[in-house]
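Look over the sequence and the model first.

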Amino acid sequence: MRAARLISLVLLLQARETMTAAELARELEVSERTVYRDVLALSAAGVPVYADRGRAGGYRLLGGYRTRLTGLTRDEAEALFLAGLPGPAGEMGLADAVAAAELKVLAALPPPLRDAPARTGQRFHLDVPGWFREAAPPPWLTDLARAVWRDRVVELRYRRGEHEVTRAVQPYGLVLKGGLWYLVGRVGDSTRTYRVDRVTGVEVGGETFDRDGDFDLGRHWRERAEAFLRQMLPGRITLRVGPAGLRLLRHILDAPFVYDEAVAAAEGPDERGWTVLRLPVESVEVAYHQVLRLGPEAVVLDPPELRDLVADATRRWAELYARP
C-alpha cells in the first residue's frame with residue numbers, strides 16, 4: 001500500500017513539476033503529515049525530492065529526475081500496448097504520437113518485459129469499424145481532433161438532409177461508436193452531437209473556449225444514446241412469450257434496456273411457462289418483422305392491427321406448407 005503511494009507521489013511530481021503538501025495530500029487521499037513522512041522516505045531512498053519555501057513553493061524533483069517503469073507486471077505491460085488502439089488514433093492523426101509513446105514505454109521497461117508489444121500483437125487485434133462500411137476515416141476528423149485537443153472554437157459546415165447549415169461549435173469530444181465518429185460540442189447553451197461523416201467543412205479559428213469542468217463525455221454519451229433509442233420507440237405491443245421465445249427475444253431487440261425492463265415488469269410465467277411482456281417498438285411494421293422471427297414461440301395480444309398482420313402471415317405460411 002505504501003509502496004504504491006510513494007510511486008504515485010513521484011509520478012505526480014513528474015507530471016506537475018511542483019506541488020504543495022496540501023495538494024499532494026488531496027490527490028493521494030492522505031493527511032499532510034503522511035506526505036511529510038513519505039517525502040522523507042523517498043529522500044532516504046535516493047529520490048531527489050526537494051522543498052521550495054515561500055508563497056509559490058512546494059515539493060519538486062531535482063534536475064528533471066524521471067523514474068523508470070519498474071514494478072510493472074507482465075499483464076500491466078501488455079495491457080499498455082493493447083490500449084494504444086492504433087486504428088482510431090491513426091484516424092485522428094495521432095499515429096506518430098502513439099508510436100513515439102510506445103517506443104518510450106518500451107525503452108523504459110525492464111528487459112524481461114520488452115517482448116510485451118510482440119506478444120500483444122500476436123494475440124489481439126481490435127477491428128473497430130463495423131461491417132459493410134467504408135474503411136477510410138471521415139475527411140475532417142483530423143482537424144476536429146486537433147480542435148478538441150486545443151479547445152479551439154470551430155466553424156462547422158454540416159449536411160442536414162438536403163440542406164447545409166453552419167454553426168460555431170465548441171468541440172468537447174469525439175466518440176467512436178459502431179465504426180462511426182461523432183462530435184459532441186456546445187452551441188450556445190446546448191450540447192449537440194454531429195456525425196463526422198456528414199461534416200462538409202471545418203474552419204479552426206484562433207478563439208479558445210473554457211470547458212465546463214463538470215462535463216463528463218462518457219456519461220453524457222451514455223445518457224444521450226439511451227435517450228435517442230427511447231425516442232425511436234414510441235409504440236407499445238403486448239406479447240405472450242414461451243420460454244424458448246423469451247431466450248430468443250434478447251437477440252432480436254435492438255436496445256438491451258428494452259429486454260431488461262420488459263422482463264422486470266412481466267406478468268408470469270404461467271403454468272405452461274409463458275410470460276406476458278409489454279415492449280416499446282419503433283412501429284407496428286418493425287414489430288411485425290421482429291415478432292415473425294419468434295415463430296410459434298410468441299402470441300400477439302395487442303395491438304389488434306399487429307395481431308391481424310401476424311395472423312395473416314401465419315395463414316399464408318400454412319397454405320405454402322400444405323402444398324405438396
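A charge sits over a ring if NZ of Lys or CZ of Arg is within 6 Å of the ring centre and within 35 degrees of the ring normal. Arg186 lies over the face of Tyr172, at 5.0 Å from the ring centre. This is a predicted model, where local features need pLDDT of at least 70, side-chain atom pairs count only at pLDDT 80 or more, and totals for chains, interfaces and linings use all residues. Residues are numbered from 1 along each chain as its sequence is written, and side-chain values use heavy atoms, with hydrogens and water left out.

**Around Tyr172**

- Arg211 also has its charged end over the ring of Tyr172, 5.1 Å from the centre.
- Tyr172 and Phe209 are both buried (under 20% relative accessible area, with exposed over 50% and partly exposed in between; 1.4 Å probe, protein chains only).
- Ring pairs join Tyr172, Phe209 and Phe215 into a cluster.

**Aromatic pairs**

- There are four aromatic pairs in the structure. Rings of Phe, Tyr and Trp (its six-membered ring) pair if their centres lie within 6.5 Å; planes under 30 degrees apart count as stacked, over 60 as edge-to-face and the rest as tilted.
- Tyr158 and Tyr194 form an edge-to-face pair, because their ring centres are 4.9 Å apart and their planes stand at 75°.
- Tyr158 is in strand S4 (residues 152–160) and Tyr194 in strand S7 (residues 190–195), so this pair ties together parts 36 residues apart in sequence. Helices (H or I, at least four residues) and strands (E, at least two) are DSSP runs, numbered from the N terminus.
- Tyr158 counts as buried at 8% relative accessibility; Tyr194 counts as buried at 1%.
- Tyr172 and Phe209 make a stacked pair, 5.5 Å centre to centre with 25° between the planes.

**The S10-S9-S11 sheet**

- Three strands form an open, antiparallel sheet in the order S10-S9-S11. Two strands pair if DSSP finds at least two bridges between them.
- Strands S10 (275–281) and S11 (298–302) are the edges, each pairing on one side only.
- S9 and S11 pair in the antiparallel sense over four bridges.
- Val241 stands opposite Ala298 in S11.

**Thr238**

- Thr238 lies in strand S9 (residues 235–241) and counts as buried at 12% relative accessibility.
- Leaving aside residues up to four places away in sequence, Thr238 touches Val276, Leu277, Arg278, Val299, Val300, Leu301 and Asp302. Contact means heavy atoms within 4.5 Å.
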